[in-house]
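Hi,

Here is the structure I said I would pass on. Have a look at it first, and my notes follow below.

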Amino acid sequence: MATEDESGTAALSRVERLLAVRETGLSAAADADMERFARLVARMVGVPVALVSLVEEDRQVFPGMVGLPEPWATRRQTPLSHSLCRHVLSSQGSFVVEDAREERSTCASTAIPQLGVVAYAGVPLTDDDGNVLGALCAVDTVPRAWTSREVQDLRDLAAACSAELRLRIASAQGAVLRRRADELAAVAGRALTSAELLLRAAEDLTDTAGLEEVRLRVGDLVSGDLKPSYVSLLLAENHGGLHRLLDRSAAPSMEVLHEYVLADADFPTARALRERRMVTVPDRAHLQAVHGPAAVGVFDSLGLGSAVCLPLLGARGPLGVLVLGWSTPHEIDMTEASVLTTVAGYTAQAVERALFLDERIDVAHQLQQAMLTTLPDVPGLELAALYRPASSTDMVGGDWYDAFSLPRPGNDASLVDDLAVTVGDITGHDVQAATLMGQTRSMLRQAAATTRDQGPAAAMSALEDACRTLPVEVSGTLVHGHLRRVGDAWALTWVNAGHPPPLVLLANGTVCRLDEHGILLHHRLGPFPRHDLQTVLEPGSTLLLYTDGLIERPGQDFNTAVDRAAHLLAAADSDIPLPALLEHLADEVCPGEPGDDVVLLAVRVPRAEPSDR
């Protein structure tokens, strides 16, 4: 029995194979089409290095290449001692290793230290006679367990690349094989179109964040290549039925009448979900014979003459069905079926991710809402708060407001409790930020209660000491203030840790900025001395605290935005209820969907009631 080296040498030296390699017209120089295949491999499989490698008698050349280090990137060739592609020739099939350093057949290859090859997946590139001309390779510089889907994607691209090579060989063989060359061109075109569609599917559906976005992108994706007149996405319900995602932005259509499909219905959509397979309806006669008159009625109302229903299968079971329909009879060929099955797989991943994100976002928002304070009733004050989550964040953030009573010492029931107010912004836009926010809020409450006779600066210092001691790795900004009633007015004492300046609307209608501030809150900074700042809120005054989500926008100056908020505060109707005032400020200062969390907290000292005469 021949050894692997012997069989590999024989494969390398086969005259027919070497002739076919030469007839491709490719060598150690860049070729636009081969470069394109290398880029497709790098993007679809997600590897730093991708090669179209043709193996000659004493070297391998790279007409298509992505990511190869120098000097090999310039030379576009290596000796066969640097080649793992020769194992593809030896085996006449795919050659896949997770770590070439650990495999007996590859551990001594100089490709490992010189080219940085660790993980390797190579699929044969063949001519019409089955000669292996080289390999389409995906290379990683770290160990990697290749998935079956990655290997299959590589095989699909290798089929298209092989078709291109065969076309070149056929062209070189002259007019005698011209008819065969035309056939191969058609095959190559279809294969390349399929590969491009799959690449677009992988790219377009990777970063979708919601179900509506998935529906829109799938529709855009398939409309150009397959030209269906109808695209619909139906999601599986807990009871087993299907719920159609409707286009709420469009005018009402017949879809509304068929928004729900029962699990046991004899419709092609329900059957695709139950049987977890593609269900095709090539024409109306087939629909009538196989699915019955009810299904015919639905198709007629939607204007469909044919359709294909593809199950969306997730890791935990079926997620729904993707439906493509045509107004005329349409039969799916094998190529379209293969492409659509793969597109459905990408769609299922996007749907599963969207459902997972929706679930986590819902839970996280409930968590954050639970941590936001119910404002206390304070005699002599009006309070209101507003929280708007960012539209672009992954989940939730660390912005918060807080207001709570600080009982005065002693037993004099005539004394009104002090009021503590806080607005803060913990760095980050995720559950971790929300969790740190909850911890910070609780510790600051405790610190304020413990140091209530010493003022906000003492509470802030106690908070920072606790963060360093525990430790709690928190960073961000906040304003913390105490309000104490003095006659009809309220004395405000506050400390600012790097936060945007509070605004005070005075009784005369002017607005002043409380610009004084200290360094921001950070577990690795300090300790720094904190200082109390003081002012008096006379009757008719309003204190506004807010986070930077209100005023920070790309291309917008910070101070200009603060001044705009101050102007709107001054211009507002003095009798407007506080909640309406906060909505007005948020709508005007940061219109549209906010790019960051927006929190506002307002405290108003009502004007004194006129005395009876």
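Is R144 buried or exposed? R144 is buried, at a relative accessible area of 14% (buried is under 20%, exposed over 50%, partly exposed in between, with a 1.4 Å probe and protein chains only). Its salt-bridge partner is E150, at 2.8 Å from N to O, and E150 is buried too, with 16% relative accessibility. By salt bridge I mean a side-chain nitrogen of Lys or Arg within 4 Å of a carboxyl oxygen of Asp or Glu.

Before you read on: this is a predicted model, with local features needing pLDDT of at least 70 and side-chain atom pairs pLDDT 80 or more, while totals for chains, interfaces and linings use all residues. Numbering starts from 1 along each chain as its sequence is written, and side-chain values use heavy atoms, without hydrogens and water.

There are 22 salt bridges in the structure. Among them, D99 pairs with R101, the closest N and O atoms lying 2.9 Å apart; D99 is buried at 12%, whereas R101 is partly exposed at 44%. D31, D33, E164 and R168 are joined in a salt-bridge network.

Then there's D300 with R284, at 2.7 Å from N to O. This pair connects helix α12 (D300) to helix α11 (R284), 16 residues apart (helices are DSSP runs of H or I, at least four residues, numbered from the N terminus). D300 is partly exposed at 41%, and so is R284 at 47%.

Cheers

Terms used. Helix = DSSP H or I, 4+ residues; strand = E, 2+ residues; numbered from the N terminus.
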